[in-house]
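Please keep the sequence and the model in view while reading.

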Amino acid sequence: MYRIHFILVFCYCVSANLCFGQTLTTSDLPIILINTPNNRAIPDEPKIEARMKIIYNGIGRINRITDTAYFYDAIGIETRGSTSQQISPKKPYAFEARDSATSLPKNVRFFDMSKESDWSLIAPYSDKTLLRDALMYQLGNDIMNWAPRTRFCELVLNGSYQGVYVLTEKIKRDNGRVDIAKSNIGNPAEGGFIIKVDKSTGVSDGWTSANQTKYFYHYPNPTDITFAQKTYIQTLFADFERVMKTAQYADSLTGYPKYLGINTFIDFILLNEVARNVDGYRLSTYLYKDRDSINRHIKAGPVWDFNIGLGNANYCNGNRTDGWAWDFNTICPADGLPIPFWWNKLTSDTAFRRKIKVRWTELRQTKWTNLYFTHAIDSLSGAVNQAQERNFQKWNILGQQVWPNPQIAGSYSGEVGYLKSWLNARLIWLDGALNTSAVITHPQIASVPEVFPNPSNGVVHFYYYLHSNVDVKILIYNMLGEQLESFEAKQNTGNYHWIWNKPPANGTYLYQIWQSGEVWQSGKIVIQ
C-alpha cells in the first residue's frame, strides 16, 4: 500500500513539475499542460501528436493544476518561428487542435478568441517585459479590421515548467480572422489571397519579383495553390510594382491608389512606426486581398511579430526613439533583407504623408492618448505580475544581455519602466515629426504654449497662459526616454514663464507639458 502511494505521489510531482526545480501549483493565469508520447521532443516540422490540457476557472479566479480541465484533447504541435527558435532556449510553438478519434483538425474556441483549429504559443524571451507582442496586437485591434487576439498563460511541457507564454490567434483566412473569400480554383480573381514578405526560412513557396522583392504564399496554402492562382497574384503584384517605378506612381487614377487599400497601409505604417519595428515592412509582413467583386485592392496586414520592437533591438537604430523605421534601407544598406522599394515610394508621396498625419492626429486625440498607452502597459504587466516571477526563476536572464537587448534592467519593473519611458519618448518624437502636437483643448486654456528659442544655445523658455486654476507639469527627456528635468506647480489664472537652463550637452531633447493630468503639448528641443 505504501509503495503504491509513493508511486502516485511521484507521478503527480513530475506531471506538475513540483519535485524538481521550478514549481507550479496555482496561477492567476490559465495553465496549459502539453504532453508528447514518451516525452518526445517537439520538432520544427512536421507536427507531432500530443495531448493538451488547459486549466481555467474564469476571469479573476485562481487556477490549480489539479482542477478540472477547461479543455482537454489531442493536438498536433511543432516549433515555430525563425530566429526565435534557433537562438532561444524558450521555444515558441504552433499547434493544431485535433479530434482525438480521427486526428483531423477541429475548430475550438479558447476564451474570447475566434473559433479555429490553428494557434500559436508565443514565447517571449529577449523581450523581458513579456508584453511587446500582446501590446502591439492590442493596438492593432484598436484600428484594424483584425489583429491577433492573445491571452497570457503558463506552460508546462512534459512535466517541465516553461514559463509565461502568449496564446495567440494564428494569421489565417477565416470569418473571425482575416475575413476574405475562400480561394477559387476556377476563377482566381474571385478568391482571396494572403501574401507574406519575409525571409525564406520555413517558407515553402513563393516568388521573387523583377524588383527583387521576395513574396511568399500564405493563403491558399503553398501545397494547394494552383498555377492559375499563382499567375493571377504574381501578375497583380508585378503590375503594382511596375507602376511604382514610374514618375506617375502617385496618380489618383493610374498610380498606387488603383492598387492599394490606402487606409490599411496607413494604419500598418503607424503601428510599425510606434514600435519603430526594426523588422517592420521587410519581415513578417502580411498583405491580403479579397475577391475582385468585393474589393480589388491589396491591403496591408495583419500585423505580426514585435518582440524586438519598442526599443528592444541594439542594431540598425532599433533602440532610438527618433527616426523612421521605414528608412531601414538607408540606415542599414548592407542588410540582405531590405524593405521593398515601394514602401519608400509611398511614404515619400506628399498626399500619402498628409493622410498619415491626419490619421495620426485623429488617433492621438481619440484612441491613442498618452493615458491610454500607460493604462495598456499597466494592465498587461499587471496580468503577468505574479507569473513573471516564476518565469524568471525558470529563465534567469534579468540583469543579463540577451540578443538583441540594447538596455539591461536588473528587475522586471525596470524592464517595464524602460518600455514606458521609451514609448513615451517615441510618441513625443512622432508628434513632432508629423507636425501634430498632442494638444487637448480645455476651456481654461487660452493659448498653445510657446517654446523658444528652438534650436537653442542652452536656455529654453516656456510661455503659456491659463484661464483658471490648474496643475501644470513640464517634463524634459533625453532621446532614450529618461527624464532629466521637471517643473511642477498648481497655478492661477494668468501668464506663466518657466526657463530650462541646464541641458547636459548639445543634442536633441523631448518635452511634455501636462495640465490637469493630461498631455497639453509635446515636442522636441534642439540644443546646439
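Which residues do ring pairs link into a cluster? The cluster consists of Phe240, Tyr259, Phe265, Phe268, Tyr281, Trp342 and Trp343. Here rings of Phe, Tyr and Trp (its six-membered ring) are paired if their centres lie within 6.5 Å; planes under 30 degrees apart are called stacked, those over 60 edge-to-face, and the rest tilted.

The model is predicted, so local features are reported at pLDDT of at least 70 and side-chain atom pairs only at pLDDT 80 or more, whereas totals for chains, interfaces and linings use all residues. Residues are numbered from 1 along each chain as its sequence is written, and side-chain values use heavy atoms, with hydrogens and water left out. The pLDDT is the predictor's confidence in each residue, on a scale from 0 to 100. Its mean over the chain is 89, and 92% of the residues reach 70 or more. Residues 1-21 have pLDDT below 50, and this stretch has 22 contacts in the model beyond near neighbours in sequence; a contact means heavy atoms within 4.5 Å. Residues 437-446 also fall below 50, with 31 such contacts. Where pLDDT is low, the predicted coordinates should not be read in detail.

By the ring rule, the count comes to 36 aromatic pairs. One of them, Tyr93 with Tyr165, is stacked, at 6.4 Å centre to centre and 15° between the planes. This pair joins distant parts of the chain, with Tyr93 in strand E6 (residues 93-98) and Tyr165 in strand E9 (residues 160-169), 72 residues apart. Helices (H or I, at least four residues) and strands (E, at least two) are DSSP runs numbered from the N terminus. Tyr93 and Tyr165 are buried, where buried means under 20% relative accessible area, exposed over 50%, and partly exposed in between (1.4 Å probe, protein chains only).

Phe462 and Tyr511 form an edge-to-face pair, 5.6 Å centre to centre with 80° between the planes. Phe462 belongs to strand E16 (residues 460-466) and Tyr511 to strand E20 (residues 507-515), 49 residues apart. Both residues are buried.

Phe240, a member of the cluster, is also among the buried residues of helix H4, which include Gln229, Tyr232, Ile233, Leu236 and Phe237. The cover over the buried residues of H4 includes strands E10 (193-197), E11 (206-208), E12 (214-219) and E13 (285-289), together with helix H7 (341-348).

Two individual residues complete the picture. Gln162 lies in strand E9 and is buried, with a relative accessible area of 10%. Its side chain makes a polar contact with that of Ser160 (3.1 Å); such a contact is a pair of N or O atoms within 3.5 Å, and within protein one must be able to donate a hydrogen and the other to accept it, while residues adjacent in sequence count only if both atoms are side-chain atoms. Leu337 is in the loop between helix H6 (328-331) and H7, and counts as partly exposed at 27% relative accessibility. Not counting residues up to four places away in sequence, Leu337 touches Lys199, Arg282, Leu283 and Phe328.
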